[in-house]
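Work through the exercises below with the model open. Try each task before reading its solution.

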Amino acid sequence: MVSALYIHIPFCVSKCRYCSFSSFAGLNGLYDRYLLNVKKEMDQISAGCCKKMELQTVFLGGGTPTVLDPERLVNLLDHAEKLFGFAFDAEISVEANPGTVDGRALELLRQGGFDRLSLGVQSFSADELAMLGRCHSPMEADAAFKAARSAGFTNISLDLMYGLPGQTIESWRTTLITALTLEPEHLSMYQLTVEEGTPFGDLLASGKLELPDEDTVVAMDELNLELCGEAGLEMYEISNFSRPGYRCRHNINYWQNNEYHAAGAGAVSFSSGVREKRFDDPREYCRRVEAGDTVITEREELTLEASFRETVVMGLRMMDGVERECLVARFGLDPERYYGEVLEKLVAQQLVELTPTHLKVTPAGRLYSNIILAELV
Amino acid sequence: MKHIRNFSIIAHIDHGKSTLADRMIQLCSGISAREFKDQFLDSMDIERERGITIKSQTICLPFKARDGQEYALNLVDTPGHVDFSYEVSRALTSCEGALLLVDAAQGVEAQTLANLYLAMENDLEIIPVVNKIDLPSAEPEKVALQIEEDLGLDAEMTRYCSAKTGEGVQEILESIVSFLPPPEGDPKAELQALIFDANYDAFRGTIISVRIVNGTLRQGDTIRFMSNDAEYRVEEVGTFRIQRQSEKTLSAGMVGYIIAGIKSVQDARPGDTITLRDRPCAKALPGFKEIQQVVFSSIYPISTDDYEDLAAALEKLQLNDAALTFLKDSSAALGFGFRCGFLGLLHLEVVQERLEREFDVSLILTVPSVRYKCFLKDGSLQEIDNPAYYPDPANIDYTEEPYIKATILMPDRYMGSVMNLCMERRGENTTYHYPTPGRIELSCEIPLAEVIYDFYDRLKSITQGYGSFDYSLIDYRKSDLVKLDILVNGERVDALSQLVHRNNARARGLHACEMLKEEIPRQMFKIAIQAAIGGNVIARTTISALRKDVTAKCYGGDITRKRKLLEKQKAGKKRMKTVGNVDIPQTAFLAVLKSDQK
């Protein structure tokens with residue numbers, strides 16, 4: 001039963017230099033046509049569901065959804081509500097870029113039904129923002145946060161990035177403290193991953209990108225735990241921290257490897273055991289919806305065992321780990337028996353902990369999660 | 001018999017032998033350029049890719065000469081690398097003449113000389129051919145002069161061609177007919193057939209290439225191998241056209257093949273003489289030699305589950321490669337594998353590549369070794385080619401190692417650096433002379449172990465590709481040998497042990513440590529790498545601990561991709577060998593074999 005919906009808005013004001021996501025700048029003329037087609041796709045998804053269930057979470061992500069004006073976003077959300085229905089306590093998130101929202105827009109979004117705002121702040125250093133190719137200033141980020149509070153958002157998350165080229169532990173500390181001073185309910189802190197095919201990737205390949213060394217990054221990780229702990233934000237996933245009660249339910253659904261609907265260019269859905277990815281280019285996507293062709297470009301269906309392993313691997317991203325009873329109920333498999341020696345070795349190395357109810361990564365294992373997950377995948 | 005010519009093309013590597021053969025085949029067979037695959041005689045992928053010939057092949061070219069007569073020209077192709085010189089010598093015995101091919105830009109090289117001497121030992125008539133005259137840098141007159149002065153061949157005989165464009169090739173074919181003698185021999189005498197090659201065919205078994213020296217051979221005859229008295233019934237005889245063509249008989253003077261239900265090429269050894277059971281000849285043809293393996297290395301499958309596959313692959317490969325030997329071997333680090341013997345380093349590389357490519361097994365090779373003689377204090381002698389069996393040094397009286405005589409030909413400006421290289425490599429009795437102004441032929445006695453390490457690569461690099469090199473084994477001499485062990489976090493990695501001369505031990509040890517440091521990925525703990533002789537550490541490096549390996553982001557849209565990255569990481573780890581608690585990748589084992597190119 002699917003109770004989550006992701007809608008992708010693949011547009012941005014400009015493309016950031018590290019970004020490998022499905023997003024396009026300069027397609028302003030396509031906005032209305034795109035929204036129309038996304039609605040059409042949602043109609044089809046809804047029609048294809050035999051058993052319908054109210055949505056517990058909706059996530060409008062990008063790109064930058066807020067390059068579209070708030071009326072259009074609210075209209076899109078209304079359409080989804082009409083089709084699927086929302087639970088009374090549903091979590092309805094929208095991503096925003098500080099440079100693209102003002103008080104009025106935030107009020108309209110809040111009144112239109114969005115109750116969780118994820119602000120892409122990334123850094124409070126003007127130099128770092130410029131280096132990343134972000135189109136906003138630290139002041140605009142600060143203003144956007146305050147405007148969101150005034151607009152009535154009581155669940156705000158900030159996205160920050162660390163391990164940036166040239167970044168020092170001091171500059172990161174400043175960014176983090178500035179963010180915590182705003183008292184957000186939720187913080188996502190991502191170590192920069194340089195991907196091939198991005199401007200950063202090219203620079204790295206040609207030796208022109210100087211990233212902080214590993215010791216510095218590890219010191220940043222330690223700082224995150226320390227400062228967030230003091231501020232009452234608890235780490236619940238590798239890159240996510242929240243106040244009690246404010247974990248992102250939509251994302252937890254992903255990490256539990258549960259199913260979700262998705263609509264829009266580049267979006268990935270997972271339903272009836274099948275994961276499907278849509279065409280990245282919004283123009284291609286529109287043409288296909290209009291012509292009645294499939295928008296799916298990749299499809300994946302895993303065997304039960306592979307799906308079990310994937311669920312373990314995804315679940316171990318969370319500090320709570322995976323619940324053994326849930327795995328047995330879902331797959332008929334228990335990690336202790338299934339992995340045998342491999343797991344015993346990880347336990348002996350004190351990288352994971354196996355309790356009667358859970359399997360989870362130990363604090364010592366957190367910085368080596370890929371090594372652990374590569375054993376279990 | 002008057003209308004048969006048996007000839008070979010001898011040349012230094014890269015001088016265009018296969019291209020000339022291609023052109024001749026095209027001219028004689030009328031195959032269109034479109035249907036023609038380059039390097040016609042080189043059927044293995046690896047031969048085509050590297051542009052070298054490993055297995056010799058034979059082809060019979062029908063040629064209508066200017067005198068109006070039809071001739072059968074048997075081209076016996078030969079390998080062009082020093083590792084395979086025994087094969088070359090066998091191929092040459094089956095011929096009356098040879099084309100000595102010299103690159104018009106490169107001139108005479110060490111292997112040209114070595115091959116020429118081989119041809120002369122076999123009393124072959126020689127037609128010098130200057131190839132690649134179409135090159136802008138070609139200096140055909142200068143090269144012709146070299147041929148006359150260095151090699152003492154008659155310049156009048158020299159032919160010029162461009163195998164690439166085809167210019168001059170027709171004239172060469174005419175010269176073969178007019179200058180090379182037809183074979184001699186008595187078709188009515190007792191059968192004497194010389195085996196000069198054997199190839200394996202999955203359907204027919206071993207296909208033996210022979211030169212009939214005397215007598216006649218028919219299908220249904222029972223043949224006998226003179227070296228071991230093995231007897232077989234002949235199923236088919238024939239000649240090598242574009243495809244094999246069966247014939248009623250093979251008689252004196254002819255080159256052809258025999259199929260006789262022989263299972264492996266091991267049973268048909270080049271150099272052996274075949275005769276008839278019912279009417280045997282009195283004497284075997286001269287020149288038969290057991291193949292000598294000079295380089296040894298252990299081959300292990302990366303995944304221990306692949307041991308059976310590796311065993312099967314080696315057996316199959318041996319069907320077609322009589323020079324390869326293998327025995328079971330085992331290592332604490334790598335599990336079960338095989339100790340293999342090779343003709344040289346190129347042969348080793350070829351075997352490794354063929355195993356990985358044709359049989360799809362991933363391998364780890366140990367440091368190649370030569371065969372040492374250990375004279376023990378109790379008076380006994382042990383021949384050691386595997387560090388694992390090196391006796392306790394306390395029991396060793398002295399050791400000996402094989403020496404070669406190296407012949408190096410180069411422009412004289414590289415003399416100094418090549419002399420240094422030879423000295424570095426413990427070369428002795430270095431002599432030299434100037435065969436022509438500006439060129440030096442240097443000969444030097446060097447331990448074979450020094451040559452198999454990276455001598456050829458170094459020589460190529462210090463002479464900027466102009467130096468060429470050939471060698472022959474001479475004798476065993478006293479050595480000061482030690483066993484160098486590599487320890488990873490205190491554990492000896494037996495597969496990385498090597499036998500080296502004491503003077504080289506530190507440099508080799510340091511090199512191994514540094515290469516391992518580069519190749520072993522950082523792990524969750526610090527890794528100490530040490531090189532030691534006995535309990536004495538002579539070199540060390542450390543790999544610092546990996547502090548973090550985390551994927552920052554993973555949401556609904558990334559799950560598949562991120563999972564695949566983890567699967568890749570898992571597969572990478574599976575390809576590593578765990579020694580103690582350290583994972584060592586295959587590349588690390590290979591890197592230790594590689595020299596550092598300064």
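**Exercise 1. Which side chain of chain A meets B:Arg522 in a salt bridge, and at what N to O distance?**

Step 1. Apply the rule: a salt bridge is a side-chain nitrogen of Lys or Arg within 4 Å of a carboxyl oxygen of Asp or Glu.
Step 2. Look across from B:Arg522. The partner is A:Glu214, at 2.5 Å, N to O.
Step 3. Recall the general point. Side chains of opposite charge can pair when their charged atoms come close.

Two notes before going on. This is a predicted model, in which local features need pLDDT of at least 70 and side-chain atom pairs count only at pLDDT 80 or more, while totals for chains, interfaces and linings use all residues. Residues are numbered from 1 along each chain as its sequence is written, chains are lettered from A and ligands numbered from 1 in the order in which they are written, and side-chain values use heavy atoms, with hydrogens and water left out.

**Exercise 2. Describe the interface of chain A and chain B.**

Step 1. Count residues in contact (heavy atoms within 4.5 Å). Chain A gives 41 residues and chain B gives 26.
Step 2. Take the buried area, the accessible area (1.4 Å probe) that two parts lose on being put together, summed over both. The two chains bury about 3,100 Å² between them, and carbon and sulfur atoms carry 53% of it.
Step 3. A:Glu214, A:Asn370 and A:Val377 supply 20% of the area that chain A buries against chain B, more than any other three residues.
Step 4. Count polar contacts. These are pairs of N or O atoms within 3.5 Å; within protein, one must be able to donate a hydrogen and the other to accept it, and residues adjacent in sequence count only if both atoms are side-chain atoms. The interface has 24 residue pairs in polar contact, both at pLDDT 80 or more.
Step 5. Locate the elements. Helices (H or I, at least four residues) and strands (E, at least two) are DSSP runs, numbered from the N terminus. Those giving two or more residues to the side of chain A that touches chain B are strand 8 (186-191), helix 8, helix 9, helix 11 (304-315) and helix 15 (369-376) of chain A.
Step 6. Sort by class. Ala, Val, Leu, Ile, Met, Phe, Trp, Tyr, Cys and Pro count as nonpolar, Asp, Glu, Lys and Arg as charged, and the others, Gly among them, as polar. This side of chain A has 20 nonpolar, 9 polar and 12 charged residues.

**Exercise 3. Where do A:Gly63 and A:Asn257 lie?**

Step 1. Start with A:Gly63. This residue sits in the loop between strand 4 (55-62) and helix 2 (70-84) of chain A. The peptide bond from A:Gly62 to A:Gly63 is cis, with omega near 25°.
Step 2. Move to A:Asn257. This residue is in the loop between helix 9 (249-255) and strand 11 (261-263) of chain A. The phi of A:Asn257 is near 60°, a positive value in a residue other than glycine.
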